[in-house]
Amino acid sequence: MSLIDDTTRESWIQSVFPEWGEWLNEEIGETRVTPGTFAMWWLGCTGIWLKSENNTDIVVDFWVGRGKVTQDFSKLPPHLGGPDFQLNRMVGGRQRFPNTRMIPVVMDPFKVRKLDAYLVTHNHRDHMDPNSLAAIYHKFPDIPFIGPEYVTKQWIEWGLPKERCTTVKPGDVIKVKDCEIVVLDSFDRTVLLTAPRDGELKGHCPDDMDRRSVNYLIKTPGGSFYHSGDSHFSNYTLRHGKQHQIDVAIASFGENPPGLTDKMTSSDVLRMAENLRCKVIIPVHYETWSCFMADTREVDVLYDMRRDRLKYEFKPYIWQVGGKFVYPDNKDDRHFMFERGFEHAMEEEPNVYFKSFL
Ligand SMILES: [Fe+2]
């Protein structure tokens with residue numbers, strides 16, 4: 001049999017996906033964090049892996065799924081593509097949400113080497129994921145699985161034992177080795193429009209945001225990280241900034257189509273940072289869906305226009321999925337670049353026909 005004969009769709013999928021293989025699993029597993037710092041990796045969307053100086057590994061919103069994979073929307077259930085889908089409720093129509101996944105899966109959930117806590121902010125499909133949940137639970141059954149009520153309820157329906165779930169609400173504090181996880185309010189208005197109530201919402205009061213979505217402040221000995229989930233800008237953001245020392249924060253940024261506000265604009269990203277009084281703000285989520293694609297240069301340009309007048313004390317950081325960020329080492333960098341390699345270039349004589357090739 002030849003390679004051509006042996007190659008099938010299944011063999012292609014097995015040999016190509018996930019595109020990054022174990023690259024990031026190895027990098028995170030082998031990283032030792034310098035005392036006085038903490039390290040983070042961006043897994044895509046709002047997926048963040050955090051590692052403390054004492055080797056505590058915490059993952060938030062470990063999503064390894066995908067979006068639309070067919071243009072035939074007629075087969076989608078009402079809560080995903082029909083009138084009960086939250087964005088259709090918001091815009092008052094039944095428009096298409098053409099959200100194909102834009103980024104590769106950079107971390108293999110089945111090859112994770114060590115983990116101390118698995119956190120989810122809210123019960124949207126791009127934040128909680130049965131694949132990563134199953135992979136992590138089977139390998140690390142004793143770690144805490146932490147989320148608000150709607151998240152843990154979904155996990156139990158998927159088969160996670162109830163005793164493994166830690167249901168949290170704003171005000172709760174959970175200790176995970178050398179880290180302290182402070183549960184804070186979410187300001188994700190979209191999640192309030194999400195099922196379960198079918199049909200007419202007018203005249204009904206939604207149940208509490210706290211049951212559906214939370215933000216997390218993860219305090220490490222080397223600094224703190226604020227995970228805002230899919231929160232929008234809120235005036236209450238300043239309360240979080242005044243009550244907590246926040247070093248690094250992420251903000252869900254994206255380009256909204258007319259009639260819809262699901263992601264924050266560049267202006268709101270900067271307002272969130274100013275109100276959180278953080279040192280670094282990192283826009284995320286704009287890279288996830290094709291239909292929300294946004295240009296992060298907007299954040300940079302707006303920041304440079306405002307920084308002196310408004311006396312900003314933070315900096316924006318434009319990251320890349322799969323990239324590493326260390327606080328405080330990278331706090332002034334503003335832009336991420338992957339390892340470029342070839343550090344030993346020209347230390348030996350090149351092996352070429354003539355130097356004129358060079
Ligand atoms: Fe999201």
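1. Which helix lies across β5 and β6? Helix α7 (residues 149–158) does, and it runs at about 160° to β6. Strand β5 covers 145–147. Axes here are lines fitted to C-alpha atoms, for helices over the stretch in contact, and angles run from 0 to 180 degrees between N-to-C directions. Contact means that the C-beta atoms of two residues, placed from the backbone, lie within 7 Å.

2. A word on the source. This is a predicted model: local features need pLDDT of at least 70, side-chain atom pairs count only at pLDDT 80 or more, and totals for chains, interfaces and linings use all residues. Residues are numbered from 1 along each chain as its sequence is written.

3. The protein has 11 helices and 14 strands. These are DSSP runs, numbered from the N terminus: helices are H or I with at least four residues, strands are E with at least two.

4. Now the sheet. An open sheet of 7 strands has the order β6-β5-β4-β3-β2-β1-β14, with mixed pairing. Its edge strands, β6 (165–167) and β14 (324–327), each pair on one side only. Two strands pair if DSSP finds at least two bridges between them. On average, neighbouring strands of this sheet are turned by 20° against each other, direction ignored.

5. Look at one pair. Strands β1 (residues 38–44) and β2 (residues 47–51) are antiparallel, over 5 bridges. Trp42 stands opposite Ile48 in β2.

6. Residues 24 or more positions apart account for 67% of them.
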